[in-house]
Amino acid sequence: MSKQKIMFSPVTRLSGLLSVEVIVEQGRVVEANASGTMFRGYEWIMRNRHVTDAVYLTQRVCGICSLAHGAMASYLLDELYANELSENAQFLRNVMYGADFLQNHIRHFYLFSLPDFVRMPDYPPYHGQNLTDARLGPIDNQRLVDNYFEAIKAAQRSHEILALFGGKAPHQHSFVHGGVAVAPTADKINRALALLDSIHEFVKTCLIPDTELIARVYDDYFKIGLTFGRLLSFGLFKFGPHNEQLLWRGGVLNDGRLTAPRLDLIKEDVTSSWYAVQAVPGADDWGVEPAPQKPGAYTWIKSVRYAGQHYETGPLARMIINGFYNGGTSTMDRIYARSLETMLITELMREWLLKLQPGPAPLKQNPEPVKSEVVVTTDAMRGALLHSARIVDEQVERYNIITPTVWNFSPKDQHGRGPVESALVGTSIPKLDMLSTILGRIVRSYDPCISCATHVMDAEGNKQDKIVF
Amino acid sequence: MQQQEFIELCRELALVDDHALTRVILPVIKEHLTRSNQNKLPVIWVETNDSGDNNIAFMNTTFPYLGQVFSEMIDLLYSNTFMAAQGVDALMVLEQTAVLYKGRFTLVVEGAVPVKDNGIYNIIARTENRNITALDAVSRLGKLAQYVVANGTCASFGGPTAARPNLSGSVGVRDVLDREVINVSGCPTNPDWFVGTLAHLLLYGRPELDNLGRPTLFYGFTVHRHCQRRSYFDRDDFAEKLGDIECMFSQGCVGPRTSADCPYRQWINYVNWPVRANTPCIGCTNEDFPDGSTPFFTPLPEKSGQAATPGGAQTSPGVQITVGEGRNE
């Protein structure tokens, strides 16, 4: 087979718009360019607004992980305003955070990923599936299709827990700075427990066995879509009066060595991204503006590195760093770790709901900010998430967001390829008609969210190297 | 295929023992089945510049659940979010169904449409030699569709995607199409508003629309009018902070100028809505959302660019029905 350039577009069944161009030579992917093809620009939208708007406005960054952005903005405001969080507030916040994780992970596995492995019914939106490597027998296949439709209900119930406390979903209202605006009353706790029980049952009897079945039947995917094994997590589920405790620790895992993440080692780059960097006269830092015609660029996603290297982030990183999973960094490891995490979260949420004390809304907001610059980190569904802000008189001067998909879908820079492109390069394509099926499996194992990832950063590589501003 | 042609084919091939009849008839039947399913609404859904929250909200529909919507209500012919097909197969499905269902499909657009630099800020799909921008896709499909439904505030009016400074020049679908657009606004849309609008199209045709092109069925009254806390407002009993049980007007609520039925419909299996969650309505169905609603926690008369008082004057053009409902109503 000679050298062929092939466009895999649109990559459907994910949040946002993604195209992947690959070069295939002698049955192997030798180059891959993953392009986020939508420009959003929330960091610009956040400027010159009251900083407390961030809780609701940054949720609009993302539809499938909206609570994560609202939570990050709340943590950011907690620190800016020196709020003190009650224990009840933290339990309630984490119940809500967990509920959005369940929603995300269940939908990702069944609605987005499953049609990569299972023959779907022959009516829209499943027509024209063209699954060139279907391996399940008819009985197993039908069971998983049935579970796809059950998953719709389990994910809906996850959002029902979130809405019960949060008012609505996506873009909940009550998880704000200082705590939660809704009173955890006995009836709500009880209803949430009942909803959670049914979700837990679904995860235990469907999601876990279905994941195990797919992992067994498609076990070659434990060797396909491998990354370099560098993993990053900012930790998950904040507790303590100042959000200072993490239930699941964060970490930087490189060559078997685990260290604590250092924010000063994070650096963004726009070499292959549709942005132009311009020196702003008289300013300490650099201005960045969209440049859709920039030669050599191929994506709206910027690249991000930790200590000069690309890192993979997501449920797999969290599970390995916390010692819950002991596997590799392949397509199937990513899928497996996400399902495992779903199970763990249903158990944690039950614990938190039982620890909640019925009482008034656990909310206390201090009126005045005590700081003017804050950087906060934690994990969202897809991995490491960072929000940072600089304010003047409570007005946002700078706001920056580095989403998990930016880590995973980093385009090439002088330090090489990012995780997804690395995972794609080297992949064997036995027959060209299998290309979409194989690439689709690898790409979706990262649970890409392009709506999240395509933002303008405010500045890059300024003189102080304070990249997060 | 006409009836006579069908009968002749059957006669001609009936005695041939090599399944020739089956081979000729099957594709025709398949085409017939896909073309004439009058019981389902054919839908082509294009995602443009958005957060994807409206497709997530759509997944939260109950009775019908999403699976029932697909099996009983709509033929979702193209959707970046849900379709099993991918890559060039998906693009072929889009091109073929748009022609096959010309004049009969409903175009759903989720997201705003960037128009700056010929729309290069949003590319819905690429081929080896060209980019299909959201602007191309919406313009072309909008001409072929029977109905156009803008799902969400971004698609309806620009929404958060077009919030200042709007670097991509994003606009609502109505600004790129020279035809009627049914605006189902909301950030996100309540699944009942969206599924209900599709149901109306399927069962009764075009719904009655308000002056912003929204079905009056869902947007006919303000949040304020039906708010459970209206009695607090009428007694000037305002919340001192978020989390209180009194009227949220003091906390920035824009319910008085927001058309939506949230107070009685509520969200996610009808369990809650923002004011019941002791927080303000932020007016996410409005033409000027979010810029007209920020700062979110500042009372309406003091918001940037707002001149309204409770029950007072008009705040911005195009929201005639949303204001003017004061305490005397």
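Mentor: Let us start with one residue of this predicted model: leaving aside residues up to four places away in sequence, A:I208 touches A:V203, A:S339, A:L340 and A:M343.

Trainee: What makes these count as residues that A:I208 touches?

Mentor: A contact requires heavy atoms within 4.5 Å, and A:V203, A:S339, A:L340 and A:M343 are the residues listed for A:I208 on that basis. As for its place in the chain, A:I208 is found in helix α6 of chain A, which covers residues 186-217. A:S339 is 131 residues away from A:I208 in sequence, although their C-alpha atoms are 6.4 Å apart in space.

Trainee: Why are α6(A) and α8(A) called roughly antiparallel?

Mentor: The axes of α6(A) and α8(A) come within 10 Å and cross at roughly 160°. Angles over 145 degrees count as roughly antiparallel, and therefore α6(A) and α8(A) are described as roughly antiparallel to each other. Their crossing is left-handed.

Trainee: Why is A:S372 called partly exposed?

Mentor: The relative accessible area of A:S372 is 40%; because buried means under 20% and exposed means over 50%, with partly exposed in between, A:S372 is partly exposed. A:S372 lies in the loop between α8 (331-355) and β16 (373-380) of chain A, where it touches A:L80, A:A389, A:R390 and A:I391, not counting residues up to four places away in sequence. Its C-alpha atom is separated by 9.7 Å from that of A:E397, which is 25 residues apart from A:S372 along the chain.

Trainee: Why are β10 and β15 of chain A said to stand at the edges of their sheet?

Mentor: The open sheet to which they belong has four strands in the order β10-β9-β6-β15 (chain A), with mixed pairing. β10 (257-259) and β15 (312-313) of chain A each have a single partner strand, so one side of each is left without a neighbour in the sheet.

Trainee: How do you know that β6 and β9 of chain A are paired?

Mentor: Pairing requires at least two bridges between the strands, and three bridges join β6 (residues 231-233) to β9 (residues 251-254) of chain A, which run antiparallel. Within this arrangement, A:L232 stands opposite A:V252 in β9(A).

Trainee: What makes β2 and β9 of chain B edge strands?

Mentor: In chain B, an open sheet of five strands has the order β2-β1-β3-β7-β9, with parallel pairing. β2 (74-79) and β9 (182-184) of chain B each have a single partner strand, so one side of each is left without a neighbour in the sheet. The twist averages 25° from one strand to the next. Five bridges join β1 (residues 41-47) of chain B to β2(B), and these two strands run parallel; B:L41 has B:I74 as its bridge partner in β2(B). Helix α4 (residues 66-73) of chain B packs on the sheet, touching β1 and β2 of chain B, and its direction makes about 105° with that of β2(B).

Trainee: Which peptide bonds in chain B are cis?

Mentor: One of them joins B:F63 and B:P64, with omega about 5°, and B:P64 is placed in the loop between α3 (53-59) and α4 of chain B. The peptide bond from B:F289 to B:P290 is also cis, with omega near 0°.

Conventions: Residues numbered from 1 in each chain as written. Chains lettered and ligands numbered in written order. Predicted model: local features only at pLDDT ≥ 70, side-chain atom pairs only at ≥ 80, totals over all residues. Heavy atoms only, no water. Axes fitted to C-alpha atoms, helices over the stretch in contact; angles between N-to-C directions. Buried < 20%, exposed > 50% of the residue type's maximum accessible area, 1.4 Å probe, protein only. Parallel < 35°, antiparallel > 145°, perpendicular 65-115°, else oblique. Left-handed = near helix turned anticlockwise from the far one by under 90°.
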